[in-house]
Each structure stands twice: as structure tokens, then as C-alpha cells.
Amino acid sequence: MMTINGQNYTAAERASLPAVFRRCYGEDSFEAELANFLNEWYGPGDLLSVHTSGSTGTPKELWVEKRRMVNSARLTIAFLGLRRGDSALLCMPLRYIAGKMVVVRAAVAGLNLLPVTPCGHPLARLEEVPTFAALIPMQVYNTLQVPAEAEKLRQVRHLIIGGGAIDTALAEQLATFPNHVWSTYGMTETLSHIALRRLNGPEASEWYTPFDTVRLRLSAEGTLVIEAPAVSPETLVTNDLAELDHQGRFRILGRKDNTINTGGVKVQIEQVEALLRPLLPFPFLVTSVPDPKFGERIVLLAETDTLPSDGQLTTAFAQLPPYWRPRQVFLTGQLPLTETGKPDRATAKAYCRAASSTC
């Protein structure tokens with residue numbers, strides 16, 4: 001049995017969902033996409049196709065086992081204490097693992113699925129506040145800008161946020177939420193998250209706690225190595241630079257492929273962005289362009305039409321160590337993002353390199 005918007009569908013009825021949804025919503029509707037995924041999920045095959053987000057390059061197609069997706073769903077269901085009849089908001093693209101796993105959790109736990117076409121304001125037209133919601137930081141940020149939507153978000157009993165870093169300002173807004181708010185850590189290869197950390201209440205922490213079935217260590221380069229046999233048949237060596245504590249928890253320092261080597265000094269992009277974010281009044285990304293003297297030079301890609309005065313920029317950049325300071329600022333009407341809302345760093349770097357070559 002599958003419940004969508006309060007309507008129960010038997011196995012036989014599910015076979016007609018694509019045709020019904022297309023008649024009601026159109027060939028390209030999100031509901032039709034959901035119906036197609038349900039047909040795949042309940043179909044005879046043991047494998048499903050998913051795509052990586054492509055935040056650092058071209059998205060890759062992976063084939064994953066349905067039984068391991070069920071294992072992943074059960075881990076989250078047990079951790080959050082979700083129960084049959086609870087509702088779950090689906091507002092993620094179904095091409096990627098985050099969206100697929102919301103549906104699988106609903107199917108495994110008997111949740112009422114509330115599908116909303118992926119957008120920046122997923123709670124805007126929602127009449128029922130979901131018990132459980134999985135959002136990306138951009139969706140959370142947008143929702144908090146509208147008081148009526150923000151109030152709905154506060155009422156969500158279990159809110160998990162993944163797919164990107166949560167900056168200090170956003171974390172501060174979430175810290176007073178009355179229910180459970182979590183930041184998640186995971187990837188396509190781990191079939192969604194394998195660890196969570198609280199963002200609010202007395203249990204708030206910058207350290208992620210992995211599921212009991214997960215074992216972690218660091219590689220020789222300091223990147224996180226994951227052994228999670230319930231969801232992945234292979235040991236996964238990530239590009240995430242991490243630190244482990246004596247309790248088996250971890251925190252992420254940045255990505256190995258987000259390291260800029262400028263004049264022999266290695267600079268972590270995420271650390272520069274974290275320091276600059278409260279100092280600059282516009283969205284931005286840090287990246288690099290080639291430099292004949294230093295190899296790479298740190299630059300800023302800013303989503304703005306008009307920069308603040310040179311004095312304001314100088315004051316902001318002065319808060320950074322000398323080798324961390326951006327040497328150029330490039331402007332864009334919109335920062336490049338992947339379909340899942342992550343910074344598209346490969347496109348950002350290519351944009352700045354092209355702009356730099358014309359200067």
C-alpha cells in the first residue's frame with residue numbers, strides 16, 4: 001500500500017498511476033515523474049539508476065540495489081522515530097538519491113507522501129504541515145524569509161537539511177526551533193545520509209554522529225573513509241577532509257578538491273567562505289584562476305550588480321590571513337548551482353577563468 005496526499009494505492013492501482021497523473025498534471029509533471037519512479041520501485045528489477053549531483057564536475061550515473069535503499073530508509077526511520085501515518089514532504093528532484101529516498105522511506109514506513117514540485121518555497125502552498133521534511137539549505141533560507149512559511153517550518157516535527165553547508169547565520173535562525181532539526185552527511189554512494197548532527201536545542205553540535213552500523217576512519221590524506229555495509233558494498237574513500245573525535249563522531253573541514261594552492265600555501269575554500277560570509281552583503285563563491293607567479297590566485301564570484309566600496313571590501317578581506325584574501329572580484333547575475341541546489345564549483349571556476357582571460 002502506498003499513500004500519496006492521503007489517497008491509498010494498492011499494487012494493482014499503482015500500475016495506472018503514470019497514465020492518471022499525466023492526464024491530471026501533464027506529461028512532464030512532477031506527479032508523473034513520481035508515478036514512474038513508483039513503477040520502477042515496485043517493478044521486478046533489483047537495481048535503480050541514480051545520478052550524482054555534479055557539484056564538482058559532470059553528474060555520474062550509478063546503479064544501486066533496492067534492498068540497500070530499504071536498509072538506508074530503515075536506519076533513518078528508526079533514528080527519527082517515524083511512524084505509520086506520519087506525513088513526509090517530497091520536494092526534491094527524483095533524478096537524485098535525496099528525492100528517491102524520501103519516497104522509499106514513505107513506502108517502507110507507511111508514511112503519507114506529500115509531493116510538491118521542487119522549488120525554492122516548498123511550503124508556500126502546503127496546507128498540511130508535514131511530520132517529516134528533507135530540504136536543502138537554499139529552500140530553508142527562502143522559507144525563513146516569509147513569516148507564514150517560516151511558521152510552518154517551525155511546526156515540522158523532524159526537519160533534516162542536506163545537500164550543502166549550513167552557514168552560521170542560518171544555523172542561528174534554526175537554533176530556536178521547538179522540534180528536531182538536523183544537518184545530514186551523506187552522498188549518492190551511501191544512499192543518502194549516514195550521519196546527522198543536531199542544529200537546535202541542548203544537543204546542538206558541530207559534530208556528526210554516524211549510524212550504529214557505520215565505521216569511519218581517516219585516509220593518509222586526512223579524508224573521511226566510510227564503511228557502511230548496510231548501504232554500500234564497498235569501502236568509500238571520500239574527498240571530504242575531516243576530523244574524528246574519541247566518541248567516533250566527525251566534523252567536516254572542507255573538500256580536498258576545494259583546496260587552492262597559491263604560492264605553495266594550501267587554502268581551503270570553505271574556510272575562506274565561512275569567514276567572509278558574515279562580512280559581505282551578497283551571495284558569493286570563492287574559487288581560483290591561473291596565476292603566472294603563484295600558480296593559482298584566489299578570486300571571488302559575487303552575485304550582485306554593484307559591489308560595496310573598496311573600503312568595505314578591504315575591511316572584509318583584512319579579516320583573512322594574507323594568502324587567503326581574494327585578489328579579484330567577478331560579478332554575476334546568479335551564482336551557478338546544481339539541480340540539487342549545491343554550488344556548482346566547476347562552472348564557477350570556468351566562468352572566472354574566462355572572465356580573467358579577457359581582463
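## Helix α11 across the sheet

In this predicted model, helix α11 (residues 345-357) lies across β18, β19 and β20 and runs at about 50° to β18, where contact means heavy atoms within 4.5 Å, and helices (H or I, at least four residues) and strands (E, at least two) are DSSP runs numbered from the N terminus. Axes are lines fitted to C-alpha atoms, for helices over the stretch in contact, with angles from 0 to 180 degrees between N-to-C directions.

Residues are numbered from 1 along each chain as its sequence is written. Because the model is predicted, local features need pLDDT of at least 70 and side-chain atom pairs count only at pLDDT 80 or more, while totals for chains, interfaces and linings use all residues; side-chain values use heavy atoms, leaving out hydrogens and water.

## The three-stranded sheet

The open sheet has the order β18-β19-β20 with mixed pairing, two strands being paired if DSSP finds at least two bridges between them. Since β18 (284-291) and β20 (328-332) stand at the edges with a single partner strand each, one side of each is left without a neighbour in the sheet. From one strand to the next, the twist averages 35°.

β18 pairs with β19 (residues 295-303) in the antiparallel sense over eight bridges, and T287 stands opposite V299 in β19.

## The second largest pocket

The second largest pocket has a volume of about 260 Å³. Among the 15 residues that line this pocket, W63, V64, E189, S232 and P233 are the closest to its centre. Strand β4 (residues 61-65) gives the most to the lining, with four residues.

Conventions:
1 Å grid on protein atoms, 1.4 Å probe; cavity = no way out; pocket = protein on both sides within 12 Å on 5 of 7 lines; lining within 4 Å. Points joined across faces, edges and corners; volume = space filled by probe spheres on them.
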